[in-house]
Amino acid sequence: MSTDKRTIDWYNDNAEGYTKHVQITTESIYHSYYEKPAMYSLLPDIKNKKVISLGCGSGEDSEYLRSLETSQSVGVDISEKLIDIAKSNHPKCDFRVMDMEKINFPDSSFDFAYSSLAIHYIENWTNTFKEVYRILKPNSYFLFSCGHPLRSSMTASQNETEKIRQLAIIKNKITEETTIVGNYLDRNKLDTKLGEKSFVTTYHKSIGEIVGEIKEAGFLIEDFVEPKPLPRMESISPNDFKRLNKIPEFMIFKLKKI
Ligand SMILES: C[S@@+](CC[C@H](N)C(=O)[O-])C[C@H]1O[C@@H](n2cnc3c(N)ncnc32)[C@H](O)[C@@H]1O
């Protein structure tokens with residue numbers, strides 16, 4: 001598996017706290033007022049269909065998909081603790097501990113695949129795309145969200161009063177010497193802060209590299225969305241609202257198996 005051990009450990013060690021966080025909509029504002037509304041608006045018709053959520057966490061999305069009258073809503077996640085919570089909170093869904101790089105379901109067994117903010121924990125996405133392609137029936141969709149590489153290409157620095165994130169070209173007017181801050185094009189392993197002082201591993205890759213991995217697996221890109229936050233976010237967190245209206249944090253692909 002290419003998800004880092006410290007990432008899996010973090011989700012196991014913080015499974016209860018993570019679940020509470022996503023359940024309180026005013027706390028998990030990036031979910032409730034930004035990513036989930038955009039993902040849900042892109043769902044195909046899944047009534048009476050068999051669906052799977054990959055990296056399902058504590059199962060909230062699986063429950064939402066089930067509420068749309070699916071015939072079966074399956075959720076898989078690499079974290080045993082999150083799957084235990086998902087099973088107990090959402091008993092009408094079907095949850096399994098599974099690595100989304102090695103999906104233990106037969107070929108052509110699902111009508112729709114969904115994955116929210118999980119694939120960027122994996123280094124090489126081609127295996128996952130190929131696995132999802134394999135388990136989907138022809139003409140089915142795979143909808144997934146992930147970190148936006150514009151955001152993860154930026155380099156962080158700080159001075160006494162400011163925290164700064166930049167992707168910049170700085171050219172000295174006299175010497176013409178050019179300094180590049182940040183890196184968009186190269187794949188990069190990142191230390192991503194989750195919580196007060198813990199880090200997990202995420203992977204930065206350019207949109208071009210992601211499109212290459214999608215094509216290698218055989219999918220067609222049906223849609224690509226860089227969401228904006230819902231207006232309701234403004235009163236809850238004006239700074240996040242201002243930022244997300246200018247600089248994307250996440251992006252969404254809707255892929256089709258033909
Ligand atoms: C940010 S959480 C998102 C959870 C859920 N999709 C949601 O939106 O609340 C990322 C999830 O991806 C899971 N994950 C990371 N790598 C994975 C892998 N290789 N296979 C399956 N799940 C994985 C983590 O355990 C975690 O539950």
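Before I show the first helix, one definition: axes here are lines fitted to C-alpha atoms, for helices over the stretch in contact, and angles run from 0 to 180 degrees between N-to-C directions. What you see above is a predicted model, in which local features need pLDDT of at least 70 and side-chain atom pairs count only at pLDDT 80 or more, while totals for chains, interfaces and linings use all residues. Residues are numbered from 1 along each chain as its sequence is written.

Let me start with the sheet. Helices (H or I, at least four residues) and strands (E, at least two) are DSSP runs, numbered from the N terminus, and two strands pair if DSSP finds at least two bridges between them. As a reminder, strands of a sheet pair through backbone hydrogen bonds, either parallel or antiparallel. Here seven strands make an open sheet with mixed pairing, in the order S3-S2-S1-S4-S5-S13-S12. Strand S3 (94–97) and strand S12 (220–225) are at the edges, and each has a single partner strand, so one side of each lacks a neighbour in the sheet. From one strand to the next, the twist averages 15°.

Within this sheet, strand S1 (residues 50–54) pairs with strand S4 (residues 110–116) in the parallel sense, over three bridges, and Val51 is placed opposite Phe112 in S4. Across S4 and strand S5 (136–147) lies helix H6 (residues 126–135), which runs at about 145° to S5; contact, in this talk, means that the C-beta atoms of two residues, placed from the backbone, lie within 7 Å.

A second pairing is that of strand S6 (residues 155–158) with strand S7 (residues 163–166), which is antiparallel over four bridges. A hairpin through four residues joins S6 to S7, and Ala156 stands opposite Arg165 in S7.

Now to the interior. A residue is buried if 20 or more other C-beta atoms lie within 10 Å of its own, exposed if 12 or fewer, and partly exposed in between, with C-beta atoms placed from the backbone. A nonpolar core is a set of buried Ala, Val, Leu, Ile, Met, Phe, Trp, Tyr and Cys residues joined through C-beta atoms within 7 Å. Which residues of the largest core touch the most other members? Among its 51 residues, they are Val51, Ala113 and Phe142, and the largest share of this core, six residues, comes from S5. Ala113, if we leave aside neighbours within four places in sequence, is in contact with Ile52, Leu54, Val132, Leu136 and Phe142.

Pro149, in helix H7 (residues 149–152), counts as buried because it has 24 C-beta neighbours inside 10 Å. Although Pro149 and Lys205 are 56 residues apart along the chain, their C-alpha atoms are separated by 6.2 Å. Arg66, which belongs to helix H4 (residues 60–67), is also buried, with 22 other C-beta atoms within 10 Å, and beyond four places in sequence Arg66 touches Ser73, Lys92 and Cys93.

I will finish with two backbone details. Ser108, in the loop between S3 and S4, has a positive phi, near 50°, without being a glycine, and its 13 C-beta neighbours inside 10 Å make it partly exposed. Asn139, in strand S5, likewise has a positive phi, about 70°, and is not a glycine; with 10 C-beta neighbours inside 10 Å, Asn139 counts as exposed.
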